[in-house]
Amino acid sequence: MNDKSCSVSRTSSSSSPPKTPKYFYQFRFIVIGDSMVGKSSIIRQFTEGNFIDIADTTVGVDFHARIVELSEEVKVKIQVWDTAGQERFRSITFSYYRDAVGCLIIYDITKKDSFYNITEWYKEAKENVNEEECVFMLIGHKIDKESERKVSTAEGERFADAHDMFFIETSAKILCNVEEAFNIVAKEVYKRLVRGQLEMKPDWDGIKTVSTQPAELVGLDRIPSVDMLVEERPNKKCC
Ligand code: GTP
Ligand code: MG
């Protein structure tokens, strides 16, 4: 059941007619963390806009996508690799890190172990992505279960600060900060692209242009300034 105070409007639901974007990118993200922390649920909420309260463990890796509008001129297709948290699938998920430009590491705020295991997840991710080419986000998930909380917000923030990651707390169940989590990472990737800290490479699928316009029109020198990006702010009044 959605809490109205938490609902976040989707850009695609705007009543104005869709504009043709001048710039159209594809960013590839990977979502990791212990089994049952809610990776598939947060991705389903982000890409399909629904929440199913059943445990349906992911086998290997699943793939999802959603188009978001970072500004009037920039649309991005976010491809998300949903990985299995279970140990027995680790050998499969390894190969998906390499092409990720965004890495979202999730723990369950009601499960201390899932927070302790973040260290291992982060280490594994760092070893397998190109560190300079990946934006990291730490997510404390299931904040609708505030009364069962075992990991404080401050603990999450400290870890994120110490490892130069973004941090946010979310709930797929009551739709809180789900959009924000993905949008913050997407906007940071875009900013780094504009500043030349990230670049598209033929042998790397982290960032691609998928423009309907000729390739020269989406050259890096023509990318609009980052000033037009509205800063994404986590919703602090979810629960
Ligand atoms: P693996 O695929 O095994 O790695 O697990 P996962 O991390 O994908 O977890 P999944 O999304 O399947 O969710 C596990 C359980 O947590 C399910 O029963 C979900 O309904 C529940 N869950 C997910 N997100 C939330 C949330 O925001 N709040 C609450 N209360 N439950 C959630
Ligand atoms: Mg899953």
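Arg66 sits in strand S2; here a strand is a DSSP run of E of at least two residues, a helix is a run of H or I of at least four, and both are numbered from the N terminus. What I am showing is a predicted model, in which local features need pLDDT of at least 70 and side-chain atom pairs count only at pLDDT 80 or more, while totals for chains, interfaces and linings use all residues. Residues are numbered from 1 along each chain as its sequence is written, chains are lettered from A and ligands numbered from 1 in the order in which they are written, and side-chain values use heavy atoms, with hydrogens and water left out.

Back to Arg66. Is this residue buried or exposed? Arg66 counts as buried because its relative accessibility is 7%; buried means under 20% relative accessible area, exposed means over 50%, and partly exposed is in between, with a 1.4 Å probe and protein chains only. The side chain of Arg66 makes a polar contact of 3.0 Å with that of Glu179. By polar contact I mean a pair of N or O atoms within 3.5 Å; within protein, one must be able to donate a hydrogen and the other to accept it, and residues adjacent in sequence count only if both atoms are side-chain atoms. Arg66 and Val76 are 10 residues apart along the chain, and their C-alpha atoms are 8.3 Å apart.

Now the overall layout. The protein chain contains 6 helices and 7 strands. Read from the N terminus, the order is β-α-β-β-α-β-α-α-β-α-β-α-β. The chain has 239 residues, and 50% of them count as buried.

Next, the metal. Which protein atoms are donors to the magnesium ion, ligand 2? They are OG of Ser40 and OG1 of Thr58, lying 2.0 Å from the ion. Ser40 belongs to helix H1, residues 39–48, and Thr58 to the loop between H1 and strand S2, residues 61–69, so this pair, 18 residues apart, links distant parts of the chain. Donors are N, O and S atoms within 2.8 Å of the metal, or 3.2 Å for Na, K and Ca; water is not among the atoms, so sites may look incomplete. Both Ser40 and Thr58 are buried.

After H1 comes Gly49, with a positive phi near 75°.

Then ligand 1. How many residues surround ligand 1? There are 24, and the closest are Ser35, Lys39, Ser41, Thr57 and Asp144; a residue is included if one of its heavy atoms lies within 4 Å. H1 gives the largest share of this shell, 3 residues. Several backbone atoms approach oxygen atoms of the ligand. For Thr58, a polar backbone atom is 2.7 Å from an oxygen atom of ligand 1. For Ile52, a backbone N or O atom is 3.4 Å from an oxygen of ligand 1. For Ala172, the distance from a polar backbone atom to a ligand 1 oxygen is 2.8 Å. On its own, ligand 1 has 650 Å² of accessible area, and the protein covers 94% of this; areas come from the Shrake-Rupley method with a 1.4 Å probe, and for residues only the protein chains shown count as cover.

Ser35, one of those closest residues, lies in the loop between strand S1, residues 23–32, and H1. Ser35 counts as partly exposed because its relative accessible area is 25%. From Ser35 to Glu87 is 52 residues in sequence, and 8.5 Å in space between C-alpha atoms.

A word on backbone angles. Most residues other than glycine have a negative phi. Lys142 has a positive phi, near 75°, and is in the loop between strand S5, residues 135–141, and helix H5, residues 153–162. In strand S5 itself there is Leu138, which counts as buried because its relative accessibility is 0%.

Leu175 is buried because its relative accessibility is 8%. Asn177 is found in the loop between S6 and H6, and is buried because its relative accessible area is 2%. A polar side-chain atom of Asn177 lies 2.9 Å from the backbone oxygen of Glu169.
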